[in-house]
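Please examine the sequence and the three-dimensional structure shown here. The briefing that follows is arranged by topic.

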Amino acid sequence: MILGIAMAALVPVTLIGMLVDDRVLVGAPIWTKPFKFAVSLGTYAVSLAWFLTFLNRGRRIGWWAGTAMAVALGVEMVAILVQVLRGKRSHFNIETQFDSALYSFMGQGIIVLWVAHAVIALLLLWTRFDNRALAWAIRLGLAISLLGLTLGTLMTQPQPGQTGKSGTVGAHSVGAPDGGEHLPVTGWSTEVGDLRVPHFVGIHALQAIPVLVALFGRRADARLAWVLSGSYFGLFALTTWQALRGQPVTDPDALTLLAFAALAALTVVAVRLAALPRSPQGV
């Protein structure tokens with residue numbers, strides 16, 4: 001919660017930075033990145049803090065995992081701010097020894113985050129909930145979110161044309177260098193595939209799935225939680241597939257549209273079936 005509050009306090013600071021600082025980095029206002037990270041890390045931290053209140057066993061382990069996660073995310077945010085003040089990229093930057101060391105340090109922090117996230121997910125898997133629909137929404141949301149975190153490793157791989165002399169290693173875009181035409185705020189490429197799209201979809205499953213289940217109110221049960229989680233995983237898989245094919249999120253081809261339409265149709269049918277009342281035993 002301390003991290004969440006700190007990120008909330010940082011949001012207006014980054015907005016002011018966007019207004020008064022006209023510097024541009026990789027084709028976007030330089031303060032856009034810390035703004036996005038402040039919002040994303042803040043919602044992530046508050047969500048995990050809420051999930052940890054459900055623990056009825058392993059509370060001490062959960063506390064340490066949550067603390068490690070908060071420290072790792074806090075350090076990453078500090079690194080991003082340091083690089084913004086220097087006018088440099090934080091991710092993929094190996095231009096100088098300092099840049100390379102900072103990027104490597106951030107990578108180690110993400111490993112800590114991944115492990116802590118997995119520990120919390122396992123603890124909640126063995127936690128008893130009064131509400132089974134909420135229980136599975138949280139558990140499956142955490143699992144898909146872990147896959148979203150893991151997807152980030154694809155961005156760190158050397159891209160065609162990159163060498164140690166280029167000053168960068170890795171990229172968000174698939175099919176062209178970072179920095180081309182993009183959507184406002186998100187920065188997602190409108191020219192080629194962008195791995196940030198499935199990365200975002202995956203990570204925020206831990207908020208999206210509980211919210212989707214909650215929208216069904218009293219009709220929600222474990223079956224519905226599984227159906228909605230399966231559909232959301234399908235969205236994560238399809239956006240990953242689209243990005244890896246070098247296809248921008250704003251310009252899907254016929255095959256991609258067909259896949260999304262099939263997922264939508266299956267979701268509607270599955271939700272209708274899951275929402276049907278259970279037949280009485282013996283009938």
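Arg245 is partly exposed, with a relative accessible area of 32%, where buried means under 20%, exposed over 50% and partly exposed in between (1.4 Å probe, protein chains only). The model is a predicted one, in which local features need pLDDT of at least 70 and side-chain atom pairs count only at pLDDT 80 or more, while totals for chains, interfaces and linings use all residues. Residues are numbered from 1 along each chain as its sequence is written, and side-chain values use heavy atoms, with hydrogens and water left out.

**Salt bridges**

- Arg245 and Asp253 join their side chains in a salt bridge, at 2.6 Å from N to O; the term denotes a side-chain nitrogen of Lys or Arg within 4 Å of a carboxyl oxygen of Asp or Glu.
- Asp253 is also partly exposed, at 29% relative accessibility.
- Side chains of opposite charge can pair when their charged atoms come close.
- The count of salt bridges comes to 7.
- Another salt bridge links Asp194 with Arg196, at 2.8 Å from N to O, and both of these residues are buried.
- Glu95 forms a salt bridge with Lys88, where the closest N and O atoms are 3.7 Å apart.
- Lys88 is partly exposed, its relative accessible area being 27%.

- Gln83 is placed in helix α3, residues 59-86; helices are DSSP runs of H or I with at least four residues, numbered from the N terminus.
- With 1% relative accessibility, Gln83 counts as buried.
- Leaving aside residues up to four places away in sequence, Gln83 touches Lys88, Arg89, Ser90, Asn93, Phe98, Asp99 and Leu102, a contact being heavy atoms within 4.5 Å.

**Helix α5**

- Helix α5 covers residues 132-155, and its 24 residues at 1.5 Å a residue should span 34 Å, which agrees with the 36 Å between its end C-alpha atoms; the expected span is 1.5 Å times one less than the number of residues.
- Of the 24 residues of α5, 18 are buried, so the helix is largely enclosed by the rest of the structure.
- Asn131 caps the N-terminal end of α5, with a side-chain oxygen 3.0 Å from the backbone nitrogen of Ala133.

**A nonpolar surface patch**

- Met1, Ile5 and Val46 form a nonpolar patch on the surface, together having about 290 Å² of accessible area; patches are made of residues with over 30% relative accessible area and no salt bridge, like charges being joined within 9 Å and nonpolar side chains (Val, Leu, Ile, Met, Phe, Trp, Tyr) within 5 Å.
- Val46 lies in helix α2, residues 32-52, and is partly exposed at 36% relative accessibility.

How values were computed:
Helix = DSSP H or I, 4+ residues; strand = E, 2+ residues; numbered from the N terminus. Polar contact = N/O pair within 3.5 Å; in protein donor to acceptor, adjacent residues only side chain to side chain. Areas by Shrake-Rupley, 256 points an atom, 1.4 Å probe, with all protein chains shown as cover.
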